[in-house]
Amino acid sequence: MANDRDYQVTLLSKEEDDLFEDEWDAFVTKHFKSRETVDVFQNHKEAIKEACRIAKYQLEASFGGINANTNEFGWMPIMPNFLLATTTPTYETSTWKQYISTEDVTNRWKDWIGTSESNLKLSDNASLIMIGFADPSDEPKVDAIQAKVKSSNYPIWYFGDMMRNTDYSVYELTVPPIIEPGQEFYLQQLCGRAGVSEIHPLGVYFAKGDHMRNQGAHAQ
């Protein structure tokens, strides 16, 4: 299981399972070029397939892969516009790049996805599994992430030293959280240095076909 919670699932049909397997390598290698990131996805393949089964039950639709039809759900990497935009998407909510100020470093903890006062509510037409974080910048600015999903606070995921001591900064989660349709959550970041941060979550976003194609789709 991807998580220590029990979820209701709907098993994939043979056709759906074959589609998952047929698209898997292209899904991972076409979207991600670094060997380190690809390895994280390979390590969590079974957890991602389980998340797909959970999504099938929760979204009440069949799995249609990368080009899912209207009455199906598909998969894609976790994109910023689905998590950062809460109204009309703008440049700031369509990129993971963000500026960490000296004030942020002084204050240490900064809201990132959603806020502690106003949790982000995932679309009712989507779910996701988060398997890690990556930061391709020359010098990562964020040292740790803490997540709260519903009423559960996750332990602080600290990776500052690890990210700074590798050629490509990737942090893999041991127990990937699953965010269900319509679920409220938020992530905070521990700011270690000022400058442009490119940290972003690694994982899979499952969504109904129309939601995947909607340029204005966003969380609430």
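A residue is called buried when its relative accessible area is under 20%, exposed when the value is over 50%, and partly exposed in between, as judged with a 1.4 Å probe and the protein chains only. The structure described here is a predicted model, in which local features need pLDDT of at least 70 and side-chain atom pairs count only at pLDDT 80 or more, whereas totals for chains, interfaces and linings use all residues. Residues are numbered from 1 along each chain as its sequence is written, and side-chain values use heavy atoms, with hydrogens and water left out.

The protein contains 7 helices and 14 strands, where helices (H or I, at least four residues) and strands (E, at least two) are DSSP runs numbered from the N terminus. Of its 220 residues, 53% are buried. Among the contacts (heavy atoms within 4.5 Å) between residues at least 6 apart in sequence, 80% join residues that are at least 24 apart. The protein exposes about 10500 Å², of which carbon and sulfur atoms supply 45%; such accessible areas come from the Shrake-Rupley method with a 1.4 Å probe, and for residues only the protein chains shown count as cover.

Strand β2 was examined together with its partners, two strands being taken as paired if DSSP finds at least two bridges between them. Strand β1 (residues 62-65) runs parallel to β2 and is joined to it by 3 bridges, with S62 standing opposite E72 in β2. Strand β14, in contrast, runs antiparallel to β2, and 5 bridges join the two; here P77 stands opposite V204 in β14. Because 6 of the 6 residues of β2 are buried, this strand is largely enclosed by the rest of the structure.

Aromatic rings were considered next. A pair of aromatic rings is described by the distance of the centres and the angle of the planes. Rings of Phe, Tyr and Trp (its six-membered ring) pair if their centres lie within 6.5 Å, and planes under 30 degrees apart count as stacked, over 60 as edge-to-face and the rest as tilted. The structure holds 16 aromatic pairs. One of them is formed by W24 and W75, which are tilted, with 6.2 Å from centre to centre and 35° between the planes. This pair links distant parts of the chain, since W24 belongs to helix α1 (residues 14-31) and W75 to strand β2 (residues 72-77), 51 residues apart. Both W24 and W75 are buried. The pair of F82 and Y205 is stacked, because the ring centres are 4.5 Å apart and the planes lie at 10°. It too connects distant parts of the chain, with F82 in helix α4 (residues 80-84) and Y205 in strand β14 (residues 200-208), 123 residues apart, and both F82 and Y205 are buried. One aromatic cluster is made up of F20, W24, F27, F63, F73, W75 and F206.

Side chains of opposite charge can pair when their charged atoms come close. With a salt bridge defined as a side-chain nitrogen of Lys or Arg within 4 Å of a carboxyl oxygen of Asp or Glu, the count comes to 11 salt bridges. In one of these, the side chains of K49 and E21 meet at 2.6 Å, N to O. K49 lies in helix α3 (residues 45-59) and E21 in helix α1, so this pair ties together parts that are 28 residues apart in sequence. K49 counts as buried at 5% relative accessibility, whereas E21, at 32%, counts as partly exposed. D17, E21, K45 and K49 are linked in a network of salt bridges.

Helix α3 also holds R53 and E50, which are 3 residues apart and thus separated by about one helical turn. These two residues form a salt bridge in which the closest N and O atoms are 2.6 Å apart, and both R53 and E50 are buried. A further salt bridge brings together the side chains of R193 and D143 (2.6 Å, N to O). R193 lies in the loop between β12 (184-191) and β13 (195-197) and D143 in strand β7 (residues 142-149), so the pair ties together parts that are 50 residues apart in sequence. R193 is buried, with a relative accessible area of 18%, and D143 is buried as well, with a value of 6%.
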